[in-house]
Amino acid sequence: MLFARMLRSAAGRILCLCCLAHAFALAPLAAMADHKAANVLVIYSNGRLLPANVEADRGLREGLAGRAGPAANVFDEFLDVPRFGGTEFVETMSAFLRGKYASRPPHVIVAAGPDALAFCLQTRSRLFPGIPIVYLYVSQDNLAALGPLPVDVSGFPIVYDFARTIEQALAWHPKARHLVVVTGTAPQDREWETQLRREVPRFSGRVRPEFLSGLPTSTLKQRLAQLKDDTVVLVAGYFRDGDGRDFAPREAVLRLVAVSGAPIYGVLNPSIGTGVVGGYMLDFRALGRLTAQAVNDHLHGTHLAQAPAARTM
């Protein structure tokens with residue numbers, strides 16, 4: 001009755017219209033509250049400006065931007081390995097992240113690199129318990145060293161195609177009789193060296209292998225400058241040389257290409273444009289987009305099962 005009397009008066013009609021407009025204005029806010037953006041925390045093993053990280057970040061954000069539903073908030077943190085590490089660093093970084101993200105906890109964590117994955121596994125019980133982890137550019141050898149993973153930790157393991165790259169180099173340089181392999185001293189460099197020492201012997205009937213492992217950059221430059229066109233060189237780059245100097249792999253490759261008397265091949269796509277001849281290279285931007293699919297699956301309540309290894313993109 002009161003409502004009917006209000007409608008019969010002009011003032012009442014205006015008041016009702018104002019109430020309805022106010023209700024409609026509040027409706028989208030209520031809907032937004034029910035569909036908050038998801039928080040995705042990306043923890044990178046290395047530094048912010050590592051070219052692989054820049055490319056992976058671009059691909060990840062492209063993939064997340066195309067997801068159905070509310071947009072995702074992406075937060076980035078960097079462990080800056082190999083310049084920092086050890087038990088005290090892990091504890092300090094854990095306390096920092098726990099405090100920083102207390103009010104904005106992640107819904108999914110992306111561990112970008114083997115050191116980031118190891119850090120997340122080591123600290124997750126006290127840092128972000130129960131939050132699923134998707135790993136990005138972690139090799140099959142790295143995963144084997146970590147042992148069985150929890151069911152909510154998944155991703156796409158990568159394969160460094162050293163053997164196929166050597167095959168291609170020898171096909172393009174059929175007169176080559178000498179294969180030089182360059183590696184550094186950081187943990188990732190040692191992993192590459194381990195894989196190469198496992199795979200290179202298959203070519204010993206065609207070329208004479210020579211490993212230049214853990215040497216100062218100055219010594220490497222002198223040795224590569226002596227090489228002739230009967231040699232091919234394989235350099236993934238390195239994070240640390242024999243003098244303890246830290247590099248981005250692309251930076252290391254640039255320094256060696258500038259002086260080498262023999263053609264250089266690589267397996268990481270940030271090396272494109274440095275002067276390397278080529279190689280079967282990982283595309284980190286494509287890996288970022290692939291990882292975004294796995295993140296989206298978690299945000300939609302589905303789980304990535306056993307994933308195939310990602311090789312050359």
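Is Tyr101 buried or exposed? At 4% relative accessibility, Tyr101 counts as buried, where buried means under 20% relative accessible area, exposed over 50% and partly exposed in between (1.4 Å probe, protein chains only). The structure is a predicted model, in which local features need pLDDT of at least 70, side-chain atom pairs count only at pLDDT 80 or more, and totals for chains, interfaces and linings use all residues. Residues are numbered from 1 along each chain as its sequence is written, and side-chain values use heavy atoms, with hydrogens and water left out.

Nine aromatic pairs were found in a search of the whole structure. Rings of Phe, Tyr and Trp (its six-membered ring) pair if their centres lie within 6.5 Å; planes under 30 degrees apart count as stacked, over 60 as edge-to-face and the rest as tilted. The planes of Phe75 and Tyr101 stand at 75 degrees, with ring centres 5.7 Å apart, so this pair is edge-to-face. It links distant parts of the chain, 26 residues apart: Phe75 belongs to strand S2 (residues 73-78), and Tyr101 to the loop between helix H4 (87-100) and strand S3 (108-112). Helices (H or I, at least four residues) and strands (E, at least two) are DSSP runs, numbered from the N terminus. Phe75, at 19% relative accessibility, also counts as buried.

Tyr160 and Phe162 form a stacked pair, with 6.1 Å from centre to centre and 25 degrees between the planes. Tyr160 is buried at a relative accessible area of 6%, and Phe162 is buried at 1%. Together with Trp192 and Phe239, these two residues form one aromatic cluster.

On a 1 Å grid over the protein atoms alone, a cavity is a set of points where a 1.4 Å probe fits but cannot get out, and lining residues have an atom within 4 Å of a point. Grid points are joined across faces, edges and corners, and a volume is the space filled by probe spheres set on the points. Three cavities of 30 Å³ or more were counted.

Terms used:
1 Å grid on protein atoms, 1.4 Å probe; cavity = no way out; pocket = protein on both sides within 12 Å on 5 of 7 lines; lining within 4 Å.
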